[in-house]
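Hello,

Here is the structure I promised to pass on. Please have a look at it first, and my notes come after it.

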Amino acid sequence: MKVVLFCGGYGMRMRSGAADDVPKPMAMVGPRPLIWHVMRYYAHFGHTEFILCLGYGAHHIKDFFLTYEETTSNDFVLRGGRTELLSTDISDWTITFAQTGVESPIGERLRRVRHHLDGDEMFLANYADVLTDAPLPEMIDSFARRDAGASMMVVPPQSSFHCVDLGEDGLVGGITAVSELPLWENGGYFVLRQEVFDHIPENGDLVADGCAQLAKRGRLVAHQHRGFWKPTDTVKERAALDAAYARGDRPWAVWERDGAGASAPGSRDGAGARA
């Protein structure tokens, strides 16, 4: 299935200064940027056709793949001055780079790449800055059996704050951690049918417009995930993931856990990137 990734936002809370124009998906976690970790997750499950919805800082993402260094994350042999890869990351990936506007909301970005989906009934979509160990095949299979227009992964609230139950006299009746409330947050990792386009207006939003309208019609389903899920909205969150990677604590790297690793070289030349 094709994978649409939204990677064109400003990511202001990840910016380290006014001169920093690197988009959030290019923030580093270990030796590779966030977007690579997300794409590697999908590729592990066999989904290697990517459509990148570009916007702010698009040249950073293009340059990364156009000058991709396989030796950064793969073993190799240097023989006679020539590099012989023992494995590869992206040799079987096809990547479409689509400029979808600097100011476009996510729904509009999706609308602008619809023609790249080739009319596929189902496709995947996600933000390019959220990591998880969720069982993707299970999410897809469950949605395929349902008569629905969209599925979104939902996770427990991530806030560390507490909610306070107040009485009319100002007395506190109870204190509950937000994470313990019977609530769920949008976790990204969408499985969509073409039907979603019927509910996204021009310059609309995927969740507030598309998913909300499908929910009103009983056409939106959710996959509840209580496992690992981490966003990277802030510098602190990105740094925490980077530190976890350094100490070998990376549950999102399902390609390492499942022993599949990178693919052997030679199956297809190049990254298959197309502008």
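Below are my notes on confidence, one hairpin and some salt bridges.

This is a predicted model, so local features need pLDDT of at least 70 and side-chain atom pairs count only at pLDDT 80 or more, while totals for chains, interfaces and linings use all residues. Residues are numbered from 1 along each chain as its sequence is written, and side-chain values use heavy atoms, with hydrogens and water left out.

The average pLDDT (the predictor's confidence in each residue, from 0 to 100) is 87 for the chain, and 90% of the residues score at least 70. Over residues 266-275 pLDDT stays under 50.

Strands β11 (residues 162-166) and β12 (residues 172-177) pair (at least two DSSP bridges) in the antiparallel sense over five bridges. They form a hairpin with five residues between them, where Gly-170 in the turn has a positive phi of about 85°. Leu-166 has Val-172 in β12 as its bridge partner.

There are 15 salt bridges, each a side-chain nitrogen of Lys or Arg within 4 Å of a carboxyl oxygen of Asp or Glu. One of them joins Lys-24 and Asp-233 at 3.1 Å, N to O. That pair links distant parts of the chain, 209 residues apart. Lys-24 is buried (under 20% relative accessible area; exposed is over 50%, partly exposed in between; 1.4 Å probe, protein chains only) at 14%, whereas Asp-233 is partly exposed at 28%.

Best wishes

How values were computed:
Contact = heavy atoms within 4.5 Å. Helix = DSSP H or I, 4+ residues; strand = E, 2+ residues; numbered from the N terminus.
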